Amino acid sequence: MSDVTGSELRALMARVPSVEKVMASAEFAPLLTEFGRTQVLGALRDALDAWRVSAQSGDASVSALDIAQLQVTVEATLRRRNAARLRSVFNLTGTVLHTNLGRALLPDEAVQAVMKALTQPANLEFDLGTGKRGDRDDLIDELICELTGAEAATVVNNNAAAVLLTLSALASKKEVIVSRGELVEIGGAFRIPDIMNRAGAKLREVGTTNRTHLKDYDEAISPQTALLMKVHTSNYAISGFTKEVAVDAIAPLAHTRGLAVAVDLGSGTLVDLTQWGLPRETTVRETIEAGADLVTFSGDKLLGGPQAGLIVGRRDLIAKIKKHPLKRALRVGKLTLAALEPVLQMYRAPEKLAERLTTLRLLTRPGDDIRLTAERVQPALQRVAGDRYVVVAEPMFSQIGSGALPVDVLPSYGLVVRTADGKRSGRQLLALEKRLREMARPVIGRIADDALRLDLRCLEAADEAQLIEQLKDVQA
Ligand SMILES: *Cc1c(COP(=O)(O)O)cnc(C)c1O
């Protein structure tokens, strides 16, 4: 049909059923039960309006107005509208702590604790000993102190908040001395100079990009100085002719001048990672022992817990931080505390950590194990990719991610997809990348060196079975 005349159109419009009749039909009853009247009515009106618009341009079919057909249309709309936007994916990027994919995955103990906190009242701010009001930090600060050697601790929403709060509470309207080699930008617009500004503190840069000496800090100290600060250069490395001043050298200088040293460690490792063959990262305890008065770090990077920012250090400074009004604005919710506690408790048994803590288990997963996964997934992926592509299991390198140890890589294994004709065909690879990304549970890999690369380090047994199942379901 095209070019409908006025009378034809009027006749067509007369075929549109009444909304009341459709809503009262047996076909629509299950939709009303599941989605409620308001939503169903809205979706039905949208469907009929859309039909009227296409009728005017001459391409609507009368059969689309059958109640059974309307039910199908409306149900599809409602399912689409109610589908979750936050969805599980397969992280085959090779970056274990992938900021865009939610960073650390929580162990089951933490998940159970969150579930309880969600569904049952808890002593979040209630002292069970006295029956009086309590402080939510009390639930967890002893444990944090035990694991870090700090005198006191507090927890906020993320590490950016921890740094902002620390500077606001201790350095407002005063100067903070930072090396030019440490004025970092972490992804997502966290920049030390900007945070400093927001906190009302004045940044006093010292040294140069590649070299900063103790005397640079010494000469910058003035009556305006509030803090000496060191920032972990999480996501880059400066190599060559370089010098930075370690915490154990800065601390005595600061302390003789009556000042404090704050260290933003970023990742916040609690144990020596070299015992699992991982690259070395300074631990929070070592930083405290080296003389830092305050240390800030993330809960969901190498620590392997929920999103949080931990501040540990001197009792008097933590007390000051806790009294600042921003602490109330940046405090964590009960879900975070519920998840953090069991994760921290795991650190009391370091010899079990690589098995229990998901992040560490993924980082230390044996290469042979990953290779076997790759060999099992390969046929299913090859079938889905089709004969225009060649899928091969190959060694590759994973990254820790989240700015932890950017230059270090972990030997891994995965599937590499190239075009069958060997030609460089970026478009063909992008097409497959898109198909995988649009699956029910999206598969996220990365394209590099004329190949689509799927690193299988993060595909543990249950996920492997689910991925193979999903690939098998694809029609050839
Ligand atoms: C990651 C990081 C931050 C930000 O931490 P979030 O938990 O993402 O807010 C701040 N400083 C350093 C050095 C970091 O590595």
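A residue counts as buried under 20% relative accessible area, as exposed over 50%, and as partly exposed in between, with a 1.4 Å probe and protein chains only. Ala354 has 18% relative accessibility and therefore counts as buried. The model is predicted, so local features need pLDDT of at least 70 and side-chain atom pairs count only at pLDDT 80 or more, while totals for chains, interfaces and linings use all residues. Residues are numbered from 1 along each chain as its sequence is written, and side-chain values use heavy atoms, leaving out hydrogens and water.

Ala354 lies in helix α16 (residues 350-356); helices are DSSP runs of H or I with at least four residues, numbered from the N terminus. Not counting residues up to four places away in sequence, Ala354 touches Trp276, Leu360, Arg361 and Thr364, where contact means heavy atoms within 4.5 Å. Ala354 and Arg365 are 11 residues apart in sequence, with 8.8 Å between their C-alpha atoms.

A nonpolar core is a set of buried Ala, Val, Leu, Ile, Met, Phe, Trp, Tyr and Cys residues joined through side-chain atoms within 4.5 Å.

| Core | Size | Residues included |
|---|---|---|
| Largest | 62 residues | Leu228, Phe297, Val312, Leu344 and Tyr347, those with the most contacts inside it |
| Second, separate | 34 residues | Leu164, Leu165, Val231 and Leu317 among them |

In the largest core, helix α15 (residues 334-346) gives the largest share, 7 residues. This core lies between domain 2 (90-98 + 361-472) and domain 3 (108-356), because both give residues to it; the domain bounds come from an automatic or database domain assignment.

Conventions. Helix = DSSP H or I, 4+ residues; strand = E, 2+ residues; numbered from the N terminus.
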